[in-house]
Amino acid sequence: MKKLTYFPGCSAHGTSEEFDKTVKMVMTSLDVQMEEIPDWNCCGATSAHTMSESLAYALPLRNLVLAEKLDNSTMAIPCASCYQRLKVTKVHMDDNPELCKEINSTVVEDGIYQGKVDVKSMLQYCFEDVGLDAIKAKVTKSLAGMKLACYYGCLLTRPKAITNFDSPEYPMSMDKIVEALGAKATEFDYKTECCGASFSISNTEVVINLTGQILEMAKESGADAIVVACPLCQSNLDMRQPDIEKHLGKKIDLPIFYFTQLMALAFGMPEKDLMFSKHIVPVEGALANIGKIVPEPEKVKKTRKAVEAESEAE
Amino acid sequence: MARVGVFVCFCGANIADYVDVPQVVEEAKRIREVKFAIDYKYMCSDPGQQQIRDAIAQHRLTSIVVAACSPRMHEKTFRKALSDAGMNPYLLEVANIREHSSWVHQKDKKAATEKASDLVRMAVAKSIANEQLHEISVPVTKRALVIGGGIAGIQAALDIADARIPVVLVEKSPSIGGKMAQLDETFPTLDCAQCILTPKMVDVASHPYIELIPYSEVLELQGFVGNYKVKIKKKASYVNFKTCTGCGACWQKCPVKVDNEYNMGIDKRKAIYTPFPQAVPNKPVIDAEHCTMLTKGKCGICAKVCEKGSIDYQMQDEIIEREIGAVVVATGYDMWDPKPYEEYGVGRFKDIITSLEFERMVSANGPTNGLPLRPSDGKVPKNVVFIKCVGSRDEAKGISYCSKICCMYTTKHTILLHHKVHDSHAYVFYMDIRAAGKGYEEFVEKAQVDTGTTYLRGRVSKIYKKGDKLMVRGEDAQIGQVVEVEADLVVLATAVSAPKDNPDLARLLGISYDKYGYLSEAHPKLRPVETAKAGIFLAGCTQAPKDIPETVSQASACAAKVCGLFAGDTMKKDPMISTVNTEYCSGCQNCVKVCPYGAIVTDEVPFGHGSKELRTVAKINEGVCQGCGSCVAICRSTAINLAGFTDPQIINEIVSI
């Protein structure tokens, strides 16, 4: 039995309830006991760090201090923004004791920061601490037949110096997880492009444009669904999809799954518990592909002479 | 009674702005032994030196103190002034009031002046105890070692050998020729690299004064300028070069295929191979890592087909030694690996290649018969994007320096592309176009007009795949917009980097290297081909990135330096070396252990006058001693003294302040 400190973040109790729920289901199944940080507070994203540096550190620092009372070595966070704020704060506090002392003085009644809890995203935790073998061992219903574009967004692996996890440009951890579940990950070059994030509300056009490109590229990669590990990515890709389709004048029809929803599905958990009904883009079409395996077209190897003749003919 | 002359230099404003020079002169005049003191704007100039010469005669001076810049800069100049005036040059003492005072205490003129006066006082005190010393003559081995057989090493070897000085040329690969042998045409005149290089390669092989040792590396260098001893490892080639005729039967029949380094792995070579058809020497070697006979004991076909019986699977590495007097290091460069550019999809997209790979493809003797082809499907590309500064001028991902040649070779590549694929279109993403060199700017201008290449000023931020095309997204800073170019092939102008073995080689030779791994010259402007170690010179890219004309010039400069060094039968050497007072020496031999040059041996002397019993004492080989002083410091019975830095001299200095 592994123990893990859990920081759900505000979206887990709202827009990404299905992420929160499936994380809990999957972790229980993987024999990980999660303990939610008691009395956790907002991470501050994105208002705090655009307004005040000290507030931007103080809010996550209180959570880090509270987390240390739980006596687990690692904390995992499902939301990419929360993860980013807490990890940045941890790295800066660890590197700068002077600053840490100053910020800590504002939340001193909650405790003194010691830096003993590692901060990871839920994706990183599943990939590094749980591991592909343990995930594979739990699969009872292979997702073979599904073609998935894994979308990481901009925060989970960046900046490299802070996250120290996977590639900042072309990460593969989520791809490897979905392949462990039996699905096929497509070659998707837009996996770390910006989705427009919180501009969804203040300047929707930006998101329509950026997210539109991501959806188009995912479609082009041959995927029949997109997998994400971030609530805001999910909401932009899913909720804005009808508007984007209108804007592009064509059908995209790509359901947006949390990777934990697919893990739960592959672990044989009942579909009705996975809250697919919360999705805007219907998932049925993509799920219907499970089990349908199309054989890859056989590659014909041409001789160099044939190729040369061909290009000369052109 | 000592009569010391003190000469204080302004060094223009370098010293005078931060040190009160007349005040330093006044202070000097108060020292009892100082009979003459004066300041001057530039002491190192001829009128400045004349003042020294005149004062020596007029004031019957017995030693001279010059307060100026570092002795590394002008000690020799002033020593010569002394000898011109008939004075022993080692009666000079330099007080370094520039590097040690004015430059480092620019904010406090009073303190800087006081420190300068102290330095002068110390130098005066020391100069009083200075003794007349005389240069030492050591014999010279008139043979040069050249390490590396690229164009730099070839040129240096030929120039030295043409002066009838024997040269040992060591090359690590099976053939000389280096990177230049991989090039198709050369900027800015577009003459074929092979055509201008291979005659020189043949000259090397046939030159009576050049001993070419291919497929070998330097293991050890001992000794000192004029008298080095080098150990060379000759790697086993498993082919007897004396009997081999280079007929080629062996590599035609060899069944093992290996990535061909000469063609950047685009095609295959055999396990027994010559790197390329024009190789010198044109004899094959067996790649022991891949030959199945050597790894598994199975095959033996090459031995069967060789009519001369030249294959010898039992051959071992051989260590050979040569005595030499000077070394030219010409180890060239490596192409930088663009792997850190993950946003370009390097390693994921087959149709992204490096400039040297492109060079091999368009080369007449290349793996694709001179036609650039997409590695993914073998088709001829129409739209080709060239990206400059991949690794260069990029502190975040690569190296901060400019690689100097990429602007020019990329221009050349646009021309070659245009020549080979007439209906192609080239796009170049660039930061700047650096075309400083004879005929370079004209070359770039002409190429832009002739080829119709689209130059886009800006960095590429991402490359992604769309169908079978590569989409190159970058900034066009001149219109301030993001642009996307659809490419069939992307060519990365990767940076020039230092050979990865350079730090090891530098340690072995006892010379220094910089943070990138380039070998360091003695002075960036005035001694660009010498190293800090006497008798070791640098040619070509091993010192910094440079083009062929500059490399060849530097190689010839090295040759001139070597010839100068070997001009006489003996070499003059500074007399600042250690001597042993055998009466004090207890024979503990601690000095033998600490001497970094192996200059101290042991000797036997009688116990007393007329005694037949012998005792062991230390003995200095004055040819080898470099005057570092390590033995003086370790000697517990003060039996060793270093000429020019004797105990009385040092004590005088200390007492004076």
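Biologist: Is Arg60(B) buried or exposed?

Modeller: This is a predicted model, in which local features need pLDDT of at least 70 and side-chain atom pairs count only at pLDDT 80 or more, while totals for chains, interfaces and linings use all residues. Residues are numbered from 1 along each chain as its sequence is written, chains are lettered from A and ligands numbered from 1 in the order in which they are written, and side-chain values use heavy atoms, with hydrogens and water left out. Buried means under 20% relative accessible area, exposed over 50% and partly exposed in between, with a 1.4 Å probe and protein chains only. Arg60(B) has a relative accessibility of 58%, so Arg60(B) counts as exposed.

Biologist: What is the phi of Arg60(B)?

Modeller: Most residues other than glycine have a negative phi. Arg60(B) sits in the loop between α2 (46-58) and β3 (63-68) of chain B; helices (H or I, at least four residues) and strands (E, at least two) are DSSP runs, numbered from the N terminus. Its phi is positive although the residue is not glycine, near 50 degrees.

Biologist: And what is the phi of Arg164(B)?

Modeller: Arg164(B) is in the loop between α6 (151-162) and β7 (167-170) of chain B. Arg164(B) counts as exposed at 63% relative accessibility. Its phi is a positive value in a residue other than glycine, near 60 degrees.

Biologist: Which residue does a cis peptide bond join to Val280(B)?

Modeller: Most peptide bonds are trans. Here omega is about 0 degrees, and the partner of Val280(B) is Pro281(B).

Biologist: What is omega for the peptide bond from Arg158(A) to Pro159(A)?

Modeller: Pro159(A) lies in the loop between β5 (147-151) and α8 (160-163) of chain A. The bond from Arg158(A) is cis, with omega near -15 degrees.

Biologist: How many salt bridges are there over all chains?

Modeller: A salt bridge is a side-chain nitrogen of Lys or Arg within 4 Å of a carboxyl oxygen of Asp or Glu. Some share partners: Glu193(A), Lys462(B), Arg473(B) and Glu484(B) are joined into one network. The search of the whole structure gives a count of 57.

Biologist: Why are Lys110(B) and Glu114(B) separated by about one helical turn?

Modeller: The two form a salt bridge, with the closest N and O atoms 3.5 Å apart. Lys110(B) is exposed at 61%, and Glu114(B) is partly exposed at 46%. They are about one helical turn apart because both belong to helix α5 (residues 109-129) of chain B, at a spacing of 4 residues.

Biologist: How many residues apart in sequence are the parts that Glu530(B) and Lys561(B) tie together?

Modeller: Glu530(B) and Lys561(B) form a salt bridge whose closest N and O atoms are 3.3 Å apart. Glu530(B) lies in the loop between α14 (502-509) and β29 (536-538) of chain B and Lys561(B) in helix α15 (residues 548-565) of chain B, so the parts tied together are 31 residues apart. Glu530(B) is buried at 11%, and Lys561(B) is partly exposed at 37%. The separation in sequence is 31 residues.

Biologist: At what angle do the axes of α11(B) and α12(B) cross?

Modeller: Two packed helices are described by the angle between their axes and the distance between the axes. Axes are lines fitted to C-alpha atoms, for helices over the stretch in contact, with angles from 0 to 180 degrees between N-to-C directions. The axes of α11(B) and α12(B) come within 11 Å, and the crossing angle is roughly 35 degrees.

Biologist: Is Phe386(B) buried or exposed?

Modeller: Phe386(B) is in strand β21 of chain B. Contact means heavy atoms within 4.5 Å. Not counting residues up to four places away in sequence, Phe386(B) touches residues including Phe358(B), His413(B), Leu417(B) and Tyr427(B). With a relative accessible area of 1%, Phe386(B) is buried.
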